[in-house]
Amino acid sequence: MNTDPMVVRDVFASHYFLLAFLASLGTMQVAVTISGARGLWLTPYRAMTRWLGIALIVTGFLIFFAQPLWIEGPWAAGSVEADSVSREWGQADWADLAGARNVNDIHGGLDGTRQAIWFPLAAVLAFATSALAGALNLWVFKRAEGPAVQPGQDDSDADGLAGLAGRSYFSNLPVSWRKFRSEVADVWRTGLASADRWSVFKVILGRSPE
Amino acid sequence: MNSLDADLVIWLNGLSGNVVIFDDLMRLVASDYLMPLTFSLGMLALWLSGRNPVERAKYQLATLVGISALALSNGAVWLINITWDRPRPFVDHGDQLNLLFYPPTDPSFPANPVAIGFASAAAAWSVNRKFGWWLFAAATVYGFSRLYAGVFYPTDIIGGAIVGVAVFGFTTYLRRFLEPLVTTFIRLIRGLSAA
């Protein structure tokens with residue numbers, strides 16, 4: 001490799017973050033149209049949101065793998081061999097594109113640990129984006145398709161993702177947090193009572209199963 | 001056993017160079033970014049896609065176990081690696097292989113990428129068979145691409161799959177010892193309106 005691995009790593013990290021953000025946002029949109037958490041939808045309509053999600057995932061991957069065509073990196077045309085040692089800095093051509101991203105982590109590619117750091121950050125940003133867009137949607141488009149609350153659920157009682165079926169993230173957060181605070185002790189007690197007798201906490205706290 | 005293993009990877013890798021588009025497709029699938037991100041996205045989708053409180057709780061528990069299994073798979077692979085430093089196929093049979101992927105420097109057995117793929121697929125399969133099969137298929141294609149590229153033996157792929165599923169089973173069991181912490185953690189995330 002004729003380039004500093006740290007420079008290569010920075011290039012990969014920024015490109016990977018964009019990929020992870022777009023793909024997470026897209027996946028999130030598809031998933032929340034299944035669960036009905038309207039407060040996280042990017043558009044007011046279920047089908048449109050789902051198709052937008054799919055488009056975002058595809059776009060994320062397309063951009064990431066096609067970027068070497070217009071962005072300079074360790075994939076200069078003609079230097080992309082399977083062994084990433086011989087890489088030169090520059091733009092790739094179509095013939096090299098499939099292997100352009102295959103750079104060993106010792107030469108600046110992202111290893112599993114770095115991906116495990118960047119992916120959650122991108123997913124959190126995608127969630128924040130969905131929450132903001134969902135709040136705007138609910139505010140601007142009062143008449144979204146279908147019932148605002150899932151069947152069998154009381155709007156005032158629902159919290160977490162269930163509460164997002166009819167509320168924005170920002171109006172749902174205080175409800176969810178209040179409910180968490182009022183229930184957490186019970187959740188812990190019930191969980192401890194029904195936990196395996198070898199549960200670390202049961203052993204430490206010396207509680208019997210009943 | 002080893003010679004059959006080597007013969008298989010040499011034969012399969014020998015098919016490369018005939019259809020350029022297929023080779024390119026295998027290079028893309030073998031990438032460090034396409035499939036690993038797909039498995040992570042699978043876990044994210046599982047977390048958010050429960051249709052009712054019961055299904056949601058089940059999916060989210062499986063997601064947490066899956067993510068933990070994914071991390072623990074790396075540890076299990078590392079433990080095996082320090083016990084048995086199996087050389088990669090291109091080290092032993094470099095003159096007979098057309099390497100399509102960069103030559104990794106870690107030991108060959110078991111295939112780490114396949115282990116993480118099978119760990120996350122097993123997590124999804126435990127609560128949603130259809131989705132789980134899709135992830136198993138993705139993990140298998142990922143393993144095949146690395147085999148085709150000449151960086152793993154077939155037994156490395158099989159070993160990786162076994163490690164991934166076994167670690168998922170172990171993590172499922174381990175969760176019982178950490179209750180009620182896991183359930184309370186999910187409840188906390190629900191308090192933050194994200195579960």
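Guide: Quick ground rule before you ask anything: helices (H or I, at least four residues) and strands (E, at least two) are DSSP runs, numbered from the N terminus. This is a predicted model, where local features need pLDDT of at least 70 and side-chain atom pairs count only at pLDDT 80 or more, while totals for chains, interfaces and linings use all residues. Residues are numbered from 1 along each chain as its sequence is written, with chains lettered from A and ligands numbered from 1 in the order in which they are written.

Visitor: What pLDDT does chain B average?
Guide: pLDDT is the predictor's confidence in each residue, from 0 to 100. For the model as a whole, the scores are ipTM 0.94 and pTM 0.93. In chain B, 99% of the residues score at least 70, and the average pLDDT is 96.

Visitor: How many helices does chain B have?
Guide: Reading along the sequence, the pattern for chain B is α-α-α-α-α-α-α-α-α. The C-alpha trace spans about 60 × 40 × 25 Å along its principal axes. Chain B has zero strands, and its helices number nine.

Visitor: Among contacts in chain B between residues at least 6 apart in sequence, what percentage join residues at least 24 apart?
Guide: Two residues are in contact if their C-beta atoms, placed from the backbone, lie within 7 Å. Of the chain B contacts between residues at least 6 apart, the share joining residues at least 24 apart is 76%.

Visitor: Is Ser193(B) buried or exposed?
Guide: Ser193(B) is in the segment after H9 of chain B. Its phi is positive, near 65°, in a residue other than glycine. Because Ser193(B) has 29 C-beta neighbours inside 10 Å, it counts as buried.

Visitor: How are H6(B) and H8(B) oriented to each other?
Guide: Axes are lines fitted to C-alpha atoms, for helices over the stretch in contact, and angles run from 0 to 180 degrees between N-to-C directions. Angles under 35 degrees count as roughly parallel, over 145 as roughly antiparallel, 65 to 115 as roughly perpendicular and the rest as oblique. These two axes come within 7 Å and cross at roughly 40°. H6(B) and H8(B) are therefore oblique.

Visitor: Which hand does the crossing of H1(A) with H3(B) have?
Guide: A crossing is left-handed if the near helix is turned anticlockwise from the far one by less than a right angle, and right-handed if clockwise. The axes of H1(A) and H3(B), residues 34-48, come within 9 Å and cross at roughly 30°. The two helices are therefore roughly parallel. H1(A) passes H3(B) in a crossing that is right-handed.

Visitor: How many residues of chain B are in contact with chain A?
Guide: Chain A brings 56 residues to this meeting, and the number from chain B is 42.

Visitor: On the side of chain A that touches chain B, how many residues are nonpolar?
Guide: Ala, Val, Leu, Ile, Met, Phe, Trp, Tyr, Cys and Pro count as nonpolar, Asp, Glu, Lys and Arg as charged, and the others, Gly among them, as polar. With 56 residues of chain A in contact with chain B, helices H1 (5-35) and H4 (112-140) of chain A are among those supplying at least two residues each. That side has 16 polar and five charged residues, and the nonpolar ones number 35.

How values were computed: A residue is buried if 20 or more other C-beta atoms lie within 10 Å of its own, exposed if 12 or fewer, and partly exposed in between; C-beta atoms are placed from the backbone.
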